[in-house]
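Have the viewer open and follow along.

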Amino acid sequence: MRMEKKQKFWLENKRWLHVLLTGMALLLTVAFVFTGGYVVDNEIVEVGAVSPQRYTAPRTIENRIATQRAQEEAIEQVGPLYKLDPEVESQAKEELTTFFADLDEAAKQIADQAGSGGVLDFNQELVLQIPTAVSPGELEAYYELTDSGKAQYQKEILEILERLYEEQITQENLETVRESARQAVAGMLWQSALQAMGQDALVAVLKPNLVLDEAAMEAAQTQKLAEVQPVMVLRGQTIVDEGEVVSEESYAILMDLGLINTGDNRNFIPLIGACAVVGLAFLAAGFYLSTQQRYLLSDWKKEVILFLCYLIGLLFFALTSSFTAYYMVPVSLFAMLAAVLLRPKLALAMHLFVAVASVFIFNGSGDYLVYALMAGSISALLMQYSNRRSRIIMVSVLAGLVHMAAYLAVQMFFTKGLTTDMAKEGLAAGGVGLFSVLLVVGSLPLWEAVFGINSQYRLVELANPTNELMRRLMIETPGTYHHSLVVANLAETAAYDLFLNGALARVGAYYHDIGKLYKPQYFSENQFGDNPHDQLDPYISAKVIIEHVEQGVKLAQEHHVPKVIIDMIRQHHGTTLVKYFYYKSAKEKPEGETKEEDFRYPGPIPQFKESAIVMLADTVEAAVRSSIGQGKSPDEVEQLIDSLFRDKLLDGQLDDCRLDLKELAAIKRSFLRVFNGMNHNRVAYPKAEEINAARQKEAACRQGKEAPEKDGEDQKAQPLLAAECRPEEQEEEK
């Protein structure tokens with residue numbers, strides 16, 4: 001009952017911690033939004049009045065009036081475009097021909113009247129199809145022409161018409177062409193009355209044959225408009241200086257930026273929208289943490305670390321909110337800290353929400369958001385390779401290049417160009433990225449000292465053989481030390497294959513059995529003679545074996561080993577049964593006196609995957625090593641690993657670590673690969689007797705070469721001995 005109350009108390013405290021940290025983060029974000037670059041004090045400004053202060057643009061915005069003016073100028077550059085209408089010339093010729101036909105008809109009627117005894121009457125009304133009048137004198141002059149003269153007159157008038165249309169007539173030059181027609185007819189060798197009639201006829205039928213091409217003009221204007229770039233007011237650019245007269249253009253820009261107090265609540269609407277977006281971002285982040293990162297909410301230290309990382313990011317956003325360009329903002333600082341102190345996956349997801357909130361603090365725009373997301377995400381992924389000091393410079397340079405490339409890419413897309421100033425700004429962005437990496441790495445000792453976190457650098461230090469606990473393990477328990485090395489190789493290989501924290505798995509394997517320093521002689525790998533368990537009660541032996549877990553936890557706490565490593569020490573046996581002594585006790589003692597719970601480890605069972613991998617590696621190492629020593633085949637070794645894994649599954653030891661069957665199969669393959677590499681076939685070295693025989697043979701050969709010639713059997717034996725010493729010569733003879 002008391003235990004249940006204690007658990008309930010801690011659960012309630014954790015909930016209050018969630019609420020407290022989330023509320024503080026939200027309030028601080030809203031406060032920075034209200035005091036950051038997004039909010040500027042508004043004053044009453046009117047067109048034509050003197051500006052009370054200098055106004056600079058808090059963010060990049062389009063100058064709508066200047067853009068509209070540029071568009072109008074572009075449209076004016078498109079002059080009138082014409083298209084030729086051949087039907088106009090044809091119609092003019094037809095009208096002129098009809099005009100002469102009417103004249104011929106009138107002359108014929110006059111001639112008929114005169115032939116019947118009448119009098120020539122030139123004052124009759126002519127019905128003409130062209131808007132011109134023919135005077136009696138002009139008609140009389142035309143009548144007096146012979147038929148050939150009339151034909152010649154008509155031909156010359158039509159030729160003048162054709163020449164005029166060859167010059168292409170527009171509405172603008174129509175009067176000029178008509179004057180040219182009058183002059184051309186005046187130069188003809190005809191009576192003045194005929195010249196006047198020809199001039200009037202030509203002027204009446206002349207019409208423009210070049211008409212405006214509306215479609216072509218519209219297309220040209222559209223193309224010109226597309227070439228016009230929006231006129232932008234850059235962040236930090238002066239809109240109107242103090243004492244200057246406010247123009248309509250400046251006033252429109254100030255209105256668009258919300259820098260003018262209009263006396264209504266319209267200036268608060270964008271601010272309310274910004275706070276609403278921030279609130280939605282917090283809601284999404286909380287939902288993500290509660291559903292996808294529940295392990296974080298179960299550890300108050302990790303919660304506080306995440307909150308402090310966010311607070312540091314907010315402070316840097318607020319400090320740089322007055323900058324005129326966003327390349328000076330350390331947009332990836334939070335993502336880098338979260339990746340190193342917590343997890344890269346968590347850092348990537350949370351960086352999305354932080355980038356959205358920073359837009360309203362810095363008063364950035366779409367290009368800033370894209371830059372922040374690109375630079376921060378890639379930099380967070382790069383930080384996982386900074387676990388060695390030799391790589392810090394490389395990671396810093398790469399992060400700087402990522403920031404520079406991201407800035408230049410965004411600028412080229414949004415401004416559709418690349419200038420020398422942009423290149424300089426890109427270099428500055430790269431410097432900020434490099435500085436961010438150095439700042440994160442330099443602050444790690446402080447995080448480790450305050451929270452005892454297991455950063456990559458801390459894990460590397462713990463894995464160093466000169467570490468006090470590791471050196472004691474190596475000297476006092478060499479068998480356990482060797483066992484831990486093999487378990488570490490198995491665990492690290494499997495963790496890397498599953499894309500887990502390989503360094504954490506290795507260090508956990510190094511320290512999982514440090515409790516055996518307490519009574520090393522009671523463990524088989526450290527025994528070199530008598531087994532003390534032969535003289536002990538099985539129950540006592542089991543307690544000694546089980547006790548090494550608690551002793552390991554105590555040693556780790558005394559040496560300030562990170563909590564996650566202590567958890568792996570406590571969990572590496574879970575609640576498994578010490579089978580040997582349990583069976584021995586059940587066999588030796590009366591029935592009912594041996595209880596299984598007395599022979600089980602206290603647990604808990606592994607709570608995360610790296611801890612479970614260390615348990616499995618510890619389980620299979622000794623069993624597989626002994627099996628290989630007995631000469632068992634690889635298939636038999638694989639079957640043994642399968643059976644050991646199955647025992648852990650059936651015993652419920654893997655229920656809380658979230659390992660699935662597919663991952664267990666991958667772990668088995670990793671273990672087999674390590675064992676195959678450790679137990680490869682070796683060349684059999686010659687024995688000492690064989691080495692001595694070879695040396696004697698070499699000495700006999702030398703003596704045979706240096707001995708003087710003798711008679712008898714020695715002379716016969718010498719060639720045989722020499723041939724035996726030079727087998728290569730025998731091969732050549734063959």
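The second largest pocket has a lining of 36 residues, and those nearest its centre are Ile-545, His-573, Val-578, Lys-579 and Tyr-601. A pocket here is an open set of points on a 1 Å grid over the protein atoms alone, with protein on both sides within 12 Å along at least five of seven lines, and a lining residue has an atom within 4 Å of a point. The model is predicted, so to speak of local features takes pLDDT of at least 70 and side-chain atom pairs need 80 or more, while totals for chains, interfaces and linings use all residues. Numbering starts from 1 along each chain as its sequence is written, and side-chain values use heavy atoms, with hydrogens and water left out.

Back to that pocket: about 1200 Å³ of space lies in it, a volume being the space filled by probe spheres set on grid points joined across faces, edges and corners. Helix 22 (538-558), helix 24 (579-588), helix 25 (609-629) and helix 26 (634-650) each supply at least two lining residues, with helix 25 giving the most, 8 residues. Helices are DSSP runs (H or I, at least four residues), numbered from the N terminus.

On the surface, look for a nonpolar patch made by Ile-393, Met-394, Val-397, Leu-398, Leu-401, Leu-434 and Leu-438, with about 580 Å² of accessible area together. Helix 16 (389-415) and helix 17 (420-451) are the elements that give two or more residues to this patch, and helix 16 has the largest share, 5 residues. Patch members have over 30% relative accessible area and no salt bridge, with nonpolar side chains (Val, Leu, Ile, Met, Phe, Trp, Tyr) joined within 5 Å; a salt bridge is a side-chain nitrogen of Lys or Arg within 4 Å of a carboxyl oxygen of Asp or Glu. Areas come from the Shrake-Rupley method with a 1.4 Å probe, and for residues only the protein chains shown count as cover.

Now for the backbone. Most residues other than glycine have a negative phi, and most peptide bonds are trans. Phe-499 has a positive phi, near 60°, and sits in the loop between helix 20 (478-497) and helix 21 (502-511). Phe-499 is exposed, at 78% relative accessible area (exposed means over 50%, buried under 20%, partly exposed in between). His-560 has a positive phi too, near 55°; this residue lies in the loop between helix 22 and helix 23 (563-571). Finally, Gly-603 and Pro-604 are joined by a cis peptide bond, with omega about 5°, and Pro-604 belongs to the loop between helix 24 and helix 25.

Terms used
Patches are made of residues with over 30% relative accessible area and no salt bridge: like charges are joined within 9 Å, nonpolar side chains (Val, Leu, Ile, Met, Phe, Trp, Tyr) within 5 Å. On a 1 Å grid over the protein atoms alone, a cavity is a set of points where a 1.4 Å probe fits but cannot get out, and a pocket is an open set with protein on both sides within 12 Å along at least five of seven lines; lining residues have an atom within 4 Å of a point. Buried means under 20% relative accessible area, exposed over 50%, partly exposed in between (1.4 Å probe, protein chains only).
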